[in-house]
Amino acid sequence: MSTTTESAPATVETVHGTALKPNSLGFIGIAFFVIAAAAPMAAFVGAGPVLFSIMGPGVPLVYVMVAVVIALFAVGYLKMSRHIVHAGGFVAYIARGLGRHAATGAAGIVIVTYIALQVGFWAQFGVFAQQLAAGWLGIDLPVWVWALAFVVLTTALAMRGVDLNLRVLGVLLVAEIAVVAILVVGILIGAAGNPPSLESFSPSQLANPGFGVAVLFVFACFTTFEATTVFSEEARNPRRTIPLALYAVVLFVAVFYTVATWSVSYAIGADQVQQAASDDLAGIIFGLAATYVGPWLDITMQVLVVSSFIAMLIGMQNMFARYGFALARAGVLPSPLARVTRRSKAPAAAALANGVIVAVIVLAFLLAGADPIEVVYAWFVALGTVGFIVMMALASLAIVVFFLREKVDRGFWTTKAAPAASLVLVIAVLVIALQNYDAMLFSEGATAKLLLWLIPIAFALGAALPMVKKDVDYESVVEAAA
């Protein structure tokens with residue numbers, strides 16, 4: 001792996017002929033980016049207690065079920081990836097299956113989705129960073145200061161290239177996985193006298209009135225898995241590396257959350273975990289760490305929750321920068337965003353644009369007095385989650401149409417049955433998401449519901465763009481397999 005870094009301001013190439021750095025990411029590198037973007041520690045500590053308060057002991061089962069849906073989708077998605085090596089993720093697949101109007105409409109949804117997710121998570125990060133700094137360092141700065149400072153830092157990292165990002169992500173990700181593993185082992189040893197319970201995996205849990213809400217929250221934990229294909233242009237042997245990375249990511253995330261949440265239920269008791277989580281949403285996981293391992297793990301986890309957010313947002317910014325680069329190269333976004341740095345081939349222009357847009361939105365809401373959790377986080381993460389599910393539904397439809405029309409591969413399961421089943425299941429998840437949308441909103445949600453209109457509006461504007469802008473062209477940047 002190259003360790004090239006730049007000390008001087010980035011020099012960019014002309015738009016025509018721009019390309020990301022080939023053969024710069026292996027299986028582990030791609031997996032690191034995507035797993036970091038899933039923020040396992042932050043999601044476990046932040047979303048886990050909320051899920052238990054909603055669903056009770058059945059949370060691990062929901063993680064398993066959502067992972068199965070994602071894995072089923074991946075069957076056709078990866079089969080189609082043999083014919084596409086492209087940084088445009090879902091958009092490239094939709095272009096190949098449904099045409100450039102649908103793809104450009106999907107591009108509009110992509111922009112809304114990933115900007116919304118970043119805005120929401122930066123606001124949440126700001127709260128955790130403020131609490132940690134005030135409690136342990138005596139530094140009490142506003143939430144917006146922490147958010148802005150780290151948006152600037154992570155944007156700079158995204159502009160420098162994947163090599164530096166991988167070193168940072170590697171350290172942060174290994175640390176957070178290690179401490180959760182220590183907690184799980186501590187619980188298994190310390191709670192060994194508790195009766196082992198498989199109630200968390202009982203089908204009866206599906207009748208819980210909180211099931212639909214839990215599905216929506218859990219789906220938010222998987223929203224970055226498509227990044228495996230977004231990095232395909234930089235991958236070594238992408239037709240082998242990308243499938244391995246995608247299945248490894250889905251398997252890891254599923255096992256991590258399932259085991260971690262089950263250990264919480266085991267430690268507290270299946271019949272008590274829902275009430276315990278409701279009583280102490282913010283501190284229940286830290287309390288278990290102190291009880292079953294020691295105060296040092298409690299403190300370590302509080303620090304690593306903040307670093308987990310940083311790792312997540314580094315991964316997400318890198319992914320969306322490549323999306324922006326690919327869309328600019330295809331003529332959807334302004335052409336200057338398709339420029340890359342001369343030495344590291346990083347999509348610096350797209351990364352900078354993304355950082356500026358996200359910072360402006362976060363600052364506008366926080367400086368206007370919006371609550372960072374009940375408004376900014378809740379509204380924007382809910383919007384981004386629904387947007388991602390809509391994109392996934394469009395990609396599922398594109399995969400089905402592609403294999404029906406092209407006849408390029410055999411295999412009834414991989415080209416027909418799995419893609420069709422995935423389409424049905426993703427549409428079902430979308431219905432569940434819309435029916436339970438209010439549950440992700442902590443405050444009065446009338447305005448938040450209006451934000452949902454950004455999804456169809458973005459799709460309509462995008463779909464109309466090729467009628468006005470004739471140079472929108474995905475074929476020149478979608479590489480078909482030989």
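Phe256 is buried, with a relative accessible area of 9%, where buried means under 20% relative accessible area with a 1.4 Å probe and protein chains only. Tyr257 likewise counts as buried, at 1% relative accessibility. The structure is a predicted model, in which local features need pLDDT of at least 70 and side-chain atom pairs count only at pLDDT 80 or more, while totals for chains, interfaces and linings use all residues. Residues are numbered from 1 along each chain as its sequence is written, and side-chain values use heavy atoms, with hydrogens and water left out.

A search of the whole structure finds 18 aromatic pairs, a pair being rings of Phe, Tyr or Trp (its six-membered ring) whose centres lie within 6.5 Å. Phe73 and Phe90 form an edge-to-face pair, 5.8 Å centre to centre with 80 degrees between the planes, edge-to-face being the term for planes over 60 degrees apart. This pair links distant parts of the chain, since Phe73 belongs to helix H3 (residues 59-81) and Phe90 to helix H4 (residues 89-98), 17 residues apart; helices are DSSP runs (H or I, at least four residues) numbered from the N terminus. Both Phe73 and Phe90 are buried. Phe256 and Tyr257 also form an edge-to-face pair, with 5.4 Å between centres and 85 degrees between the planes. One aromatic cluster is formed by Phe73, Tyr77, Phe90, Tyr93 and Phe388.

Conventions
Phe/Tyr/Trp six-rings, centres within 6.5 Å; stacked < 30°, edge-to-face > 60°. Helix = DSSP H or I, 4+ residues; strand = E, 2+ residues; numbered from the N terminus. Buried < 20%, exposed > 50% of the residue type's maximum accessible area, 1.4 Å probe, protein only.
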